Amino acid sequence: MKHIQTIFILYAIAVFLPLISISAQTIAENEIEPKDSLVQVAYRKVPHSDLLGGVSVVNYEELTKKNYNTYSLDNMQGYVGGWNGASLWGMDEYLVLVDGVPRDANNVLPIEIAQISFLKGASAVVLYGSRAAKGVIYISTKRGKAEDLRIDVRANTGFNVSKSYPKYLGSAEYMTLYNEARSNDGLSPLYSEEDIYNYGSGINPYRYPDLHFYSSDYLKKVYNRSDVSTEISGGNDRARFYTNIGYYRQGGLFKFGEAKNNNVNRLNVRGNIDLKINDFITAFVDANATYYNSRSAKGDYWTAASTFRPNRVSPLVPTEFIDPNNVNSWTLINNSSNIIDGKYFLGGTQVDTTNIFADYYAAGYSKWTSRQFQFDTGIDIDLAKVLKGLSFHTQFAVDYATSYNTSYDNSYAVYTPSWYNYNGKDMIEGLTKYNNDEKSGVQNISGSSDRQTIAFSGQFNYRTSINDVHNFSAMLIAAGFQQTQSEVYHRPGNVNLSLQLGYNYLKTYFAEFGAAEIHSAKLAEGHRNAFSPSLTLGLKMNKSNFLSQSSVMDDLTLSASASILHTDLDITDYYMYESNYTQANGAWWGWYDGAVEHSTNSLRGANENLTFIKRKEFSVNARTSLWEKLITADASFFINSMEGLIITPSTLFPNYFFTYYPNASFIPYINYNNNLRKGFDISLNLNKRVGEIDLSLGFAATYYTTKATQRDENYEYAYQNRQGMPIDGIWGLQNVGFFSDQQDVENSPEQKFGGSIKPGDIKYVDQNNDGVIDEKDEIFLGRAGWYGTPFTGGVNLTAKWRNFTFFALGTTNLGAYGIKNSTYYWIYGDRKYSEVVRERWTEETKTTATFPRLTTQSGANNFRNSDFWLYKNDRFNLAKVQLTYDLPKNILQNFFLHEISAYVSGSNLLTLSKESKLLEMNVTTAPQTRFYNVGIKAVF
């Protein structure tokens, strides 16, 4: 407990000392050198002009002035190349660092961020060791400056508007088509014509329900999100501080029951102090606290909306329909705890003893609570008295995160009414009760989890120059972090010793060597360490004799890097190198009658030579500025190979190494599979003044390909091989339309996927001409874009005229495919019918149908991966439009307000795509929304 108390004391110092010291500060005349030109890279900051590739950066503080965001990484692919919204250079499991500490990107708000660095290349991340081998996103938060006290207040309020809802059939149409499905299967109709008429006429929606989950009876048109934040900063040459206090609240879409109280709220307090202790020692203290709560009614409405058929039950039934002379029914109602609005009881059936509407009215609610406390501190020591150019930096961090659910779990009764018609009026003659109304009043706690992160780094830095001709730099770094997680025995961590050596000649020719000695406890002793080297060479062409006098080129830097990184990221568990034996599934055996024992089975063999996965990479980069920064560009080409991915081989060992019964194997895990990625990224910016308008146009793009260069496989046909194909491939059958009639079925290859094949079923190509359609006929259909679409691009425009600033951002994704395999499209059995079934195959529509015949069976032949369900994921998104007005500063002279701005914006506004309807529609989750916001910012 002592170390926790210490942390809270230091946290209080970091957050509240700035507030206490506001009135006592003394401001120096000369401010700190602006840091806008410095870019945070691994363990150091370098001038933007000295970057040697594999790094992209966003000046977030400047971006926020014209583009209000609610998430730190929102649409960053629209500004920089190499990041596609899901990965860096097409790799998963990137590491997020916030001020140098592994932290969650969603726990730092855009208003708190100064800069984001995207470290893409292996050369850019080598110093971070194993955990960073697939890229790093480094988020630098704001810090205080040596300036007068500054208070920035920002307030926003906006509304989320649902973009699209799934469309399902009403009761009568569903019942009609379900009868058709039964007829297709040779079954008799389930619903009579009278039933269908009654459900479709609307004469009594309580007796003949027609549920529409997306009706305005249940959902709001808009819901609000509002936030307010205050930043307090300032300082002098001895001490600088920054504090951010923010709060936001977001409502929900529902307008009934407990769900109308759904909300999310978040309070955060972030603070830091930079201190100059003496002429050679400086220190810093950072702290952050986040309090997050999310309240929601019990149940999953959106999943229910996609599965609950419209004719099953009326969730609310007016009590006025109950026969006033039916004493038993009224006794049940009068004893119920859940009469909604004093006039509705909860409907149900013996099959549906619960439903989502009754849940939202009577089952209670839950609240998810999350608390995060983050603290880090560090010291910088100038060791020039020991050796000129030598310095030391260290940082220590400890974070705590905890979360849990609290809930009130109620049970409730539902009632099935028995209807009759009296003089043309529907009446309820009796009620059948299921379940009981029970409210324990006990608050339940569940889902408790916690995480502690401890991080440390210490480094010696050395810089020297010989006559400003030969310039040397070096860093020796020891770093590591470890996380303790609830219910996780082994603590995830990362530890490494790193070295960086740099040299440049006349700041024209550059060479950098980076290396890390890494360690992993996931491997056997003697194999737990590895050495990861990286070499980068660079040339500033504009300083060479060839281009030094150019009137066109301001700057041109070329660089090339070669690296081999070792990582344990794809080693999914500990002790994978050991053999594994069990008796749990052993066979019974005995040497003689009456004696039986369980056999001991081998589940896998040992392989103590199991080792790290390697990222081998070569990349080149060009960065240029033309015509006095009229155009700036940054482009990279990369090729990397992830080698030695771990598998359990199926073809490399003799088949007697395993048995199917009893289930046993001596086959070990081995390093075998290899994946290749190639691609490029580019960022291009044009800045031009046209009359009174300052224009800035930015373009960013990332393109990459993937290939499985080595696989353990032994397919019968070459077209089935995964080796040589994209690693994110979609595999399935090739269709040739529908069977037109029974003769077509009989004259075609036999399709072996279960069930009888009939006209209106999907017909497939027999790839191997063996007369049978089965899994051997599956081929490559397209790339799924698991790590982001093959091509990702973005364009942003800024136009400033007088005190108005217009900003627009668009993003595009090209080259990936998807399968329409949700319950909205794969409809069989007793699934809910969406509007797509209207285009089903029938004898009358056989030439125009776009959906197979309806069936109440499994539909295994039709509803499987094939190009029939394939669609292109190509899209252009109008992601953001914002108009900002800055009140002229001369109006605010001699006023307590120094600056004031107002803005309106819209986010996620439009999707242009052939499949825009599908891409904008969520089926089993909350709908996508457009967000319209109005905000104001004031500086005191």
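How many residues does the hairpin use to join strand 9 to strand 10? Three. Before you look, know that this is a predicted model, where local features need pLDDT of at least 70, side-chain atom pairs count only at pLDDT 80 or more, and totals for chains, interfaces and linings use all residues. Residues are numbered from 1 along each chain as its sequence is written, and side-chain values use heavy atoms, with hydrogens and water left out.

Start by selecting strand 9, residues 222-235 (strands are DSSP runs of E, at least two residues, and helices are runs of H or I, at least four, numbered from the N terminus). Strand 10, residues 239-250, runs antiparallel to strand 9, with 11 bridges joining them; click Ile232 and you'll find Thr243 as its bridge partner. Strand 9 also pairs with strand 8 (150-162), antiparallel over 12 bridges (pairing takes at least two DSSP bridges). Val161 has Val222 as its partner there.

Next, select the open, mixed sheet of five strands, in the order 3-6-7-4-5. Strand 3 (55-58) and strand 5 (101-102) are at the edges with a single partner strand each, so one side of each has no neighbour in the sheet. Zoom in on Leu97, whose bridge partner in strand 5 is Pro102.

Last stop: helix 5, residues 193-201, where Ile196, Asn198 and Tyr199 are buried (under 20% relative accessible area; exposed means over 50%, partly exposed in between, with a 1.4 Å probe and protein chains only). Finish on Gly202, which follows the helix with a positive phi near 75°.
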